[in-house]
Amino acid sequence: MTTRPRASLGRILQDLGSTVLDVAAAPGDLDAEVTGVHIYDPHDEPMVAPGGIVLAVGVRGADGVRALLERAPRAAGVVVKLPVEVDERVRAAVTETGVAVLGLTRAASWSQVAALLRSLLAEGDLDGPEDEPQGDLFSLANAVCALLDAPVTIEDRSSRVLAFSGRQDEADPGRVETVLGRQVPERYRRMLDERGALKELYQSRDPIHIELPADMLDRAAVAVRSGDEILGSIWAAVGEPLTEQRQRALADAAKIVALRLLRDRAGADAQRRLRADLLSTVLAGGTGAAEAAGRLGIATQRLCVLAAQLTDQQEGDLARGESDRQRFCDALALHVATIHPKAAAALVGSVAYAVLPLTAGPEDEEARAVRIAQDFLARVGPRHPANIGVGRLAGTLAQASRSRADADRALRVLRARGTSGQAAGYTDVHFESLLLQVADVAGAEEQTPTGPYQRLLEHDREHGSELAATLRAYLDAFGDVNAASARVHVHANTFRYRLKRLVEISGLDLSDPEARLTVMLQMRIFGP
């Protein structure tokens with residue numbers, strides 16, 4: 001069995017190339033093994049495992065870099081936005097700790113570089129069969145780059161970048177933007193579609209040459225197939241059409257990439273199912289929760305459960321819906337992992353659950369979790385409109401099931417409101433949640449409205465009147481007849497007449513606060 005390439009710092013820099021990261025100061029060779037990615041927060045005690053890469057958000061100047069090196073002496077490297085100030089004291093700290101200092105291009109965002117690094121570390125995590133072809137996708141991209149003498153990207157069916165070769169700085173700005181965003185920008189995809197390039201690509205089984213505007217390099221591309229299924233594509237930025245020999249090499253590479261994508265898809269599906277099963281066990285509580293938490297590597301104390309669900313699911317296209325939900329869950333997992341290394345997320349049914357550890361601080365834990373959820377919804381924006389319910393803080397793993405139930409109830413309240421893009425903590429929607437639970441019990445026991453409210457509903461059904469709506473408007477307006485009449489679009493005198501009629505018919509005493517509360521609760525529980 002061949003051993004997959006170790007995720008060393010040097011290998012990661014080779015894969016990313018100088019387009020994204022550059023070495024500002026190094027202790028010598030770059031053979032340190034990279035184990036994970038960590039976001040630096042100056043207000044928290046750094047929890048950097050040996051071999052971690054630290055993204056130094058907000059760190060500026062030589063003093064800031066030196067102080068970070070002293071706080072994270074076991075890291076493989078720290079990443080600072082360019083320009084990076086390196087003086088003699090920084091070089092001495094690099095030599096003493098063995099931690100490399102890397103500069104990040106100003107064109108890249110921290111979320112982009114975090115995603116790039118995590119994808120590089122994730123490649124090849126599953127042990128493969130002995131005949132596995134040519135290592136991971138990034139190695140394949142570099143091999144194709146060498147064959148074609150051109151920078152290469154490997155993309156999925158939705159034009160998301162799965163892997164890319166080195167030498168991307170030799171391509172045009174459009175390619176650099178694509179690599180940094182891990183997605184072909186919509187304007188370029190629209191241009192290719194209008195030129196008929198995408199249609200030609202997916203209809204052809206051979207590589208095609210695509211001529212682009214003068215400010216861009218042309219592209220050579222081939223579809224990656226498994227039978228009649230399109231798995232993705234390979235794109236090379238070229239100065240001229242490929243020779244016949246290089247066209248054959250690109251076509252052969254597409255077959256190898258297809259095998260790798262099929263294997264990765266099977267492995268990813270198995271891993272996701274396993275993570276979903278383990279997280280479900282944690283959230284259900286019981287005897288197996290501790291073991292499942294250990295296998296997931298998540299925190300077991302002071303945690304909140306988040307329940308997130310997309311709000312724009314289209315009926316009919318089941319495959320597209322499942323893909324959208326999985327991408328949304330992957331984005332949520334990335335978001336919580338940047339906040340705490342022992343966070344986890346998985347898709348269970350149509351809901352993405354996340355376990356988020358929270359350290360003690362001046363802010364209420366549930367309020368902080370809601371703010372984190374709101375930040376995530378703002379990031380994914382219109383691409384993934386969703387709601388998130390946040391459970392109460394669980395002091396121990398045994399209370400995780402309660403936090404999960406809280407999150408489910410908060411999410412249900414948001415769903416009942418018909419909102420989208422909202423996050424709510426359970427304590428903020430506690431009473432609304434209780435009303436929904438009471439409605440569930442009433443429905444299960446086939447209970448129906450009684451008393452004055454029942455008489456109003458029966459009168460409306462028999463005579464086509466709107467007395468129940470009149471009563472609702474009156475109560476919602478706190479007895480203000482002018483405001484209530486405006487709400488139902490009738491004259492105030494007409495509204496007073498209807499109010500008099502509904503009192504006569506129902507026998508409701510509007511001066512009795514207990515009677516008003518009873519009828520208001522029935523309206524909420526049973527509806528109009």
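Start by selecting Gln326, which at 13% relative accessibility counts as buried, where buried means under 20% relative accessible area, exposed over 50% and partly exposed in between, with a 1.4 Å probe and protein chains only. Gln326 lies in helix H11 (residues 318-339); helices (H or I, at least four residues) and strands (E, at least two) are DSSP runs, numbered from the N terminus. Leaving out residues up to four places away in sequence, Gln326 touches Arg272 and Leu347, contact being heavy atoms within 4.5 Å.

Before going further, note that this is a predicted model, in which local features need pLDDT of at least 70 and side-chain atom pairs count only at pLDDT 80 or more, while totals for chains, interfaces and linings use all residues. Residues are numbered from 1 along each chain as its sequence is written, and side-chain values use heavy atoms, with hydrogens and water left out.

**The whole chain**

Zoom out to the protein chain, which holds 19 helices and 16 strands and whose C-alpha trace spans about 90 × 55 × 45 Å along its principal axes. Of its 528 residues, 46% count as buried, and among the contacts with a separation of 6 or more, 59% are between residues 24 or more positions apart.

**The nonpolar cores**

Next select Leu55 and Ile234, which touch the most other members of the largest nonpolar core, a group of 50 residues; such a core is a set of buried Ala, Val, Leu, Ile, Met, Phe, Trp, Tyr and Cys residues joined through side-chain atoms within 4.5 Å. Helix H5 (residues 137-148) gives the most to this core, with 7 residues. A second, separate core of 26 residues can be found by selecting Leu310, Val336, Ala369 and Leu377, which are included in it. In soluble globular proteins, nonpolar side chains tend to be buried together.

Return to Ile234 and show its surroundings: beyond four places in sequence, the residues that Ile234 touches include Val152, Ile154, Ala220, Val222, Leu250 and Val257. Then move to Ile230, in strand E10 (residues 229-238), which is buried with a relative accessible area of 17%. Apart from neighbours within four places in sequence, Ile230 is in contact with Arg157, Tyr202, Ala223, Val224 and Arg225.

Select helix H2 (residues 61-71), where Ala62, Val65, Leu68 and Leu69 are buried. Looking down the axis of H2, the buried residues fall within an arc of 130 degrees, so they line one face of the helix; the arc is that of the directions from the helix axis to the C-beta atoms. These buried residues pack against strand E3 (52-55), strand E4 (77-81), helix H3 (88-97) and strand E5 (100-104).

Now go to helix H10 (residues 289-296), in which Ala289, Ala292, Ala293 and Leu296 are buried. Here the buried residues fall within an arc of 100 degrees seen down the axis, so they line one face of H10. On the other side of H10, Ala290, Glu291, Gly294 and Arg295 are exposed. Following H10 is Gly297, with a positive phi near 75 degrees.

**Backbone details in loops**

Most residues other than glycine have a negative phi, and most peptide bonds are trans. With that in mind, select Leu82 and Pro83, between which the peptide bond is cis, with omega near -5 degrees; Pro83 is placed in the loop between E4 and H3. Continue to Ser159, which is not a glycine but has a positive phi of about 65 degrees. Ser159 is found in the loop between strand E6 (152-156) and strand E7 (161-164), and it counts as buried at 6% relative accessibility. In the loop between E7 and helix H6 (173-181) select Arg167, a residue other than glycine whose phi is positive, near 70 degrees; Arg167 is partly exposed, with a relative accessible area of 29%.

**A helix crossing**

Finish with helix H16 (residues 467-476) and helix H19 (residues 513-526), whose axes come within 11 Å and cross at roughly 115 degrees; axes are lines fitted to C-alpha atoms, for helices over the stretch in contact, and angles run from 0 to 180 degrees between N-to-C directions. The contact is made by Ala468, Leu471, Arg472 and Leu475 of H16 and by Arg516, Val519, Met520 and Met523 of H19. Not counting residues up to four places away in sequence, Arg516 touches Leu475, Leu510 and Ser511.
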